[in-house]
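Reader: Please take one part of this model and go through it closely. I want the contacts and the surroundings, in short sentences.

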Amino acid sequence: MHIECTINGNERSFEVSKSDLLLDVLRQNGYTGAKRGCDTGACGMCTVQIDGEPTMSCITPVVKADGATIETVEGLGTQDDLHPVQQAFVDNSALQCGFCIPGMIMRSKALLEENPSPSEAEVREALSDNLCRCTGYKKIVEAVLEASERMGEQTVAADGGYSCRCEDTGLEVDSRGETDR
Ligand code: FES
Ligand code: FES
């Protein structure tokens with residue numbers, strides 16, 4: 001069967017079988033940011049967003065992606081211009097091997113879109129389905145709380161860019177360095 005969806009802002013179409021799983025289709029088509037951990041819906045390492053909802057792609061039939069908007073970690077920042085959640089993970093040293101991090105970041109991004117100012121308990125609850133085998137969770141939780149603070153001062157644009165207002169000049173500066181004047 002034929003499905004069409006939007007992945008990270010790009011319209012894509014795929015020939016798939018009804019029994020195919022989203023994680024397999026994503027990884028076969030170059031979206032390898034979503035990791036295969038348990039492959040049974042128990043670790044969260046394959047988490048992507050479908051129409052904004054954090055979703056474990058290893059147990060999601062690809063037919064659910066038909067007509068949907070999918071976001072994977074590849075659609076966030078670049079090496080030179082990280083998304084605020086990615087930057088907070090780096091700044092808080094919230095990773096070791098990194099295998100769980102794409103899923104953690106997509107889950108965290110979804111949380112902050114729904115609840116921009118979560119408490120520590122709410123962050124821990126939101127991340128409770130995402131396992132990390134080496135970092136522990138303290139720094140990850142701290143990173144999400146810091147991202148929340150930073151994003152509170154920034155406006156995330158529809159194109160994934162973001163902007164903030166400079167306290168000194170009053171100018172709005174976006175992630176491409178452009179101002180509102
Ligand atoms: S790989 Fe999907 S939940 Fe573990
Ligand atoms: S950083 Fe290694 S599994 Fe989380």
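Author: A term comes before the details. A helix axis here is a line fitted to C-alpha atoms over the stretch in contact, and angles run from 0 to 180 degrees between N-to-C directions. The model is predicted.

The part to look at is helix H2, residues 84-91. Its partner is helix H5, residues 138-152. The two pack at an angle of about 135 degrees. Their axes lie 8 Å apart. The crossing of H2 past H5 is right-handed.

Now the residues that touch. On the H2 side they are Pro84, Val85, Gln87, Ala88, Phe89 and Asp91. On the H5 side they are Ile140, Ala143, Val144, Glu146, Ala147, Arg150 and Met151. Sorted by class, this contact holds nine nonpolar residues, one polar and three charged.

H2 also takes part in a pocket. This is the second largest pocket, with a volume of about 230 Å³. Its lining has 13 residues. Gln79, Leu82, Gln86, Val90 and Ile105 lie nearest the centre. Which helix gives the most to this lining? H2 does, with three residues. Helix H3, residues 101-114, also supplies at least two. By class, the lining of the second largest pocket has seven nonpolar residues, five polar and one charged.

In short, H2 packs against H5 and lines the second largest pocket.

Conventions:
Residues numbered from 1 in each chain as written. Chains lettered and ligands numbered in written order. Predicted model: local features only at pLDDT ≥ 70, side-chain atom pairs only at ≥ 80, totals over all residues. Heavy atoms only, no water. Helix = DSSP H or I, 4+ residues; strand = E, 2+ residues; numbered from the N terminus. Left-handed = near helix turned anticlockwise from the far one by under 90°. Contact = heavy atoms within 4.5 Å. Nonpolar A, V, L, I, M, F, W, Y, C, P; charged D, E, K, R; others polar. 1 Å grid on protein atoms, 1.4 Å probe; cavity = no way out; pocket = protein on both sides within 12 Å on 5 of 7 lines; lining within 4 Å. Points joined across faces, edges and corners; volume = space filled by probe spheres on them.
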